[in-house]
Amino acid sequence: MKLTHVLLAAPLLASAILFAAPTVIRGPYLQLATPTSMVVRWRTDTTETSVVTYGTARNELKSNAKSAGTTADHVVQLSKLQPNTRYYYAVGPVPFAGTPARDDDDDAPAGARVNSFVTPPEAGTSKPTRVWVLGDPGTANNVQRAVRDHYYTFTGTRGTDLWLLLGDNAYPHGTDAEHQRAIFDIYPETLRSSPVWPAMGNHDAGSATSLTQSGVFFDVFTLPTMGQAGGMMSGTEAYYAFDYANIHFICLDSHDTDRSETGAMMQWLKADLAATKRDWIVAFFHHPTYTKGTHNSDSDTDSGGRMKDMRQNFLPVLEAGGVDLVLTGHSHVYERSFLIDGHYGKSETFNAAAHVKQKVDGRADGTGVYRKPRTRAPHLGEISVVTGSAGHASAKPVPLNHPVFFLSLNEAGSSVIDVDGLKLEFTFINDKGEKRDWFTIVKE
Ligand SMILES: [Fe+2]
């Protein structure tokens with residue numbers, strides 16, 4: 001949904017006004033985080049005004065923001081926030097204006113619950129950052145819940161700064177009801193405390209169209225079209241970029257947008273890569289450049305040739321732009337490459353001597369971490385990770401034999417990125433809570 005609402009902010013009224021509390025049936029959830037703004041969204045069972053009360057102390061929600069009119073699907077932007085600052089907030093009209101919303105206790109209705117988030121730091125500054133990465137989560141089954149719960153155990157009180165959805169976020173057709181079951185009913189705690197940045201998958205595209213930016217994916221998520229979160233303006237929510245601290249994230253639409261070398265997405269990508277000054281570049285999209293899991297990237301017809309297009313057309317541009325990580329899903333496995341560059345053909349053309357930049361396993365407790373120069377430059381190598389098993393692994397045996405990969409696993413799980421300055425650590429945790437892969441990239 002485009003952020004076109006007229007946004008208003010005013011001090012709370014001094015007079016006491018009693019509101020009938022609507023029931024919050026979705027969210028609240030956080031979108032389009034910038035160092036100075038946050039979009040808060042939620043859904044109520046009845047049409048109501050859209051109000052967020054907020055402040056920097058839990059018991060002093062002194063400010064409010066609202067959108068014009070009444071609706072059941074609320075989109076309110078909080079602006080003029082301080083970077084890297086925790087804000088407490090509650091959605092919906094407070095019971096008595098001027099009185100803080102009720103505290104965060106189990107008996108409080110969701111709409112009165114006081115939640116909190118931390119705004120991103122100023123772009124370019126360095127801050128320890130945790131990113132949760134979920135590919136193909138949208139099954140709404142017990143595997144998805146187990147993957148979630150083991151991440152929650154892993155992260156504990158650390159908190160998640162932001163999270164990525166790599167597409168197929170809601171099976172099987174990406175309907176609104178499927179988004180409710182697979183996203184909003186599964187991750188309520190993370191949704192209300194950490195901004196989520198989604199890519200579109202083929203199943204989500206069953207209810208959405210990128211060309212017109214219409215349908216459920218575009219209705220449910222508020223994404224940057226104007227470069228307002230960092231990076232070049234894309235003019236569309238189908239693909240976009242944003243910054244968090246010293247990391248530049250690029251989300252491509254591998255399913256429903258022109259993937260040709262002359263297309264608008266390609267022109268935007270080149271401009272965006274040329275402009276960014278961040279230390280790290282993380283690209284994410286749905287269709288993997290390489291996989292031998294539940295899909296085969298050697299097939300020109302598998303998934304309509306989208307894997308081939310992303311590998312042949314987009315990967316050279318990403319590598320020329322200095323990408324560090326390429327994250328994809330679609331194949332319901334975990335596959336993690338060596339530090340590679342320049343392989344755009346089928347697996348039989350892979351030549352380790354030419355395409356593997358560093359032959360170590362990337363582990364401090366193994367044969368050594370990956371090391372890249374301090375200054376970003378073309379073709380220094382990236383790690384490609386297919387992490388498309390946050391909702392299910394393959395029920396059948398799969399080949400898992402693509403030679404670009406250091407490790408291939410047919411296991412459900414999710415991935416975690418921790419960036420601290422010039423060190424990036426990556427971890428894959430399976431649905432049994434086991435740390436099944438890890439690697440580190442250091443820039444020096
Ligand atoms: Fe898919």
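How are the donor residues of the iron ion spaced in sequence? Please keep in mind that what we are looking at is a predicted model. The spacing reads D-x33-N-x83-H-x43-H, and with Asn 202 in the loop between strand S9 (196-198) and strand S10 (208-209), and His 330 in the loop between strand S15 (325-328) and strand S16 (334-340), this pair ties together parts that are 128 residues apart in sequence.

The protein donors themselves are Asp 168 through OD, Asn 202 through OD1, His 286 through NE2 and His 330 through ND1, and they lie 2.1 to 2.2 Å from the iron ion. The angles among the four donor atoms run from 86 to 165°, and the site is irregular. If you look at accessibility, Asn 202 counts as partly exposed, at 22%, whereas His 330, at 4%, counts as buried, because buried means under 20% relative accessible area.

Let me turn to another histidine, His 402, which sits in the loop between strand S19 (382-387) and strand S20 (405-409). His 402 is buried, with a relative accessible area of 3%, and, leaving aside its neighbours within four places in sequence, it is in contact with Tyr 290, Thr 291, Lys 292, Ser 297, Asp 298, His 343 and Ser 347.

Finally, the largest pocket has a volume of about 540 Å³, and of the 24 residues that line it, the closest to its centre are Arg 86, Gly 159, Thr 160, Ser 193 and Ser 194. Strand S6 (115-118), helix H1 (142-155) and helix H3 (188-193) each supply at least two residues of that lining, which divides into six nonpolar, ten polar and eight charged residues.

Definitions and conventions. Residues are numbered from 1 along each chain as its sequence is written. This is a predicted model: local features need pLDDT of at least 70, side-chain atom pairs count only at pLDDT 80 or more; totals for chains, interfaces and linings use all residues. Side-chain values use heavy atoms; hydrogens and water are left out. On a 1 Å grid over the protein atoms alone, a cavity is a set of points where a 1.4 Å probe fits but cannot get out, and a pocket is an open set with protein on both sides within 12 Å along at least five of seven lines; lining residues have an atom within 4 Å of a point. Grid points are joined across faces, edges and corners, and a volume is the space filled by probe spheres set on the points. Helices (H or I, at least four residues) and strands (E, at least two) are DSSP runs, numbered from the N terminus. Ala, Val, Leu, Ile, Met, Phe, Trp, Tyr, Cys and Pro count as nonpolar, Asp, Glu, Lys and Arg as charged, and the others, Gly among them, as polar. Buried means under 20% relative accessible area, exposed over 50%, partly exposed in between (1.4 Å probe, protein chains only). Contact means heavy atoms within 4.5 Å. Donors are N, O and S atoms within 2.8 Å of the metal (3.2 Å for Na, K and Ca); water is not among the atoms, so sites may look incomplete. Four donors count as tetrahedral if all angles lie between 85 and 135 degrees; four count as square planar and six as octahedral if opposite donors are over 155 degrees apart and all others between 65 and 115; anything else is irregular.
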